[in-house]
Amino acid sequence: MRRNQQCPYDGAVPPTPAAAPPERVDAGRVILRRLQASDASAIAAAVSASLEHLRPWMPWATGEAAERTNQLGRVAEADHNWESGLGYVYSVLTAEHGTLVGEIALHPRDSGQSVELGYWIAAGQARRGYATLAAEAMTSVALSLPNVTRVEIHCDAANSASAAVAQKLGYRLDRIEERYAEAPGESGRLMVWLRDRQRPDTGRAAPSPGP
Ligand SMILES: CC(C)(COP(=O)(O)OP(=O)(O)OC[C@H]1O[C@@H](n2cnc3c(N)ncnc32)[C@H](O)[C@@H]1OP(=O)(O)O)[C@@H](O)C(=O)NCCC(=O)NCCS
C-alpha cells in the first residue's frame, strides 16, 4: 500500500458504497482474510522484522507501526472503512499453517469504478510468490464488484519488485506520473498499472457504466 497503512480513501468525494467483497478469499497457497483485531500482534511483529524491507517504499514503516497498540488502532480504522465502503484490508495468511505473511487492500477510487490494490509481504516471506497469488485473487474479486471496470496498481518506478507483480499478472503500464517522493526509495515517478474488465465474448475491455 502506498500512502498510508490505514488505507483511508484519500479522494475529495467518498466513493459510492457498493457491495462489499467477501471477507475470506482462497488464493491457493495463501488465504486472504479480512483484517481482524487478533492479527494485530502478528502484523506488528512482521512489520518490526521488515522495517528495512518496507521503509524504502512505505511511508508508514516506522517503529510506531511495529507496535501492537498502533496496529489495534489500524484494525478499528479498517473496520470503519470496511463498513463504510471506503476500503477493504485483508491479512495474507499461508494456507498451510495460517502464518501471517503480509497484507493486501482494495481501495475504491473514481466513485467506485476503479479499485486500487495495495500490498506488502514481510521480508522473511518474500520471493515465494505470495504477493502474486494475493494480487491475482484480489484482482478477480475487484473486477467482480458492481460497477468496477478496472483495477490499478500504483508503484514507484524504482520499485521493481512491485512492478514485477503487476507485470506478471498482465497489468499494462498506463502512464507514469511525476509526484513527490513519499518514502526514501522512491524516485518520484509513479507507475500506474491497469487491468480492465474484459468482455467475456470479445476479450476487449468492457465500456464504463454510463453517467
Ligand atoms: C513488492 C512485494 C509485495 C513483492 O512480494 P513477494 O511476495 O516477494 O512477490 P512475489 O514472490 O510474488 O514475486 C513476484 C515477482 O516480483 C519480482 N520480485 C520480487 N521481489 C523482488 C526483488 N526483491 N527484486 C527484484 N524483483 C523482485 C520477481 O520478478 C518475482 O517473480 P519471480 O520470483 O518469479 O522472479 C514485496 O517485495 C514487498 O512487500 N515490498 C515492500 C513493500 C512494497 O513495495 N509494496 C508495494 C508498494 S507499491
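Visitor: In α5, which residues are buried?

Guide: A residue counts as buried if 20 or more other C-beta atoms, placed from the backbone, lie within 10 Å of its own. In α5 (160–168), Ser-162, Val-165 and Ala-166 are buried. Viewed down the axis of α5, the buried residues fall within an arc of 95°, so they line one face of the helix; the arc is that of the directions from the helix axis to the C-beta atoms. Helices are DSSP runs (H or I, at least four residues) and strands likewise (E, at least two), numbered from the N terminus. This is a predicted model, in which local features need pLDDT of at least 70, side-chain atom pairs count only at pLDDT 80 or more, and totals for chains, interfaces and linings use all residues. Residues are numbered from 1 along each chain as its sequence is written.

Visitor: What covers the buried residues of α5?

Guide: Contact requires C-beta atoms, placed from the backbone, within 7 Å. The cover includes α4, β6 (150–156) and β8 (189–196).

Visitor: Which element gives the most to the shell around the ligand?

Guide: That element is α5, with six residues.

Conventions: Buried ≥ 20, exposed ≤ 12 C-beta atoms within 10 Å, placed from the backbone. Contact = placed C-beta atoms within 7 Å.
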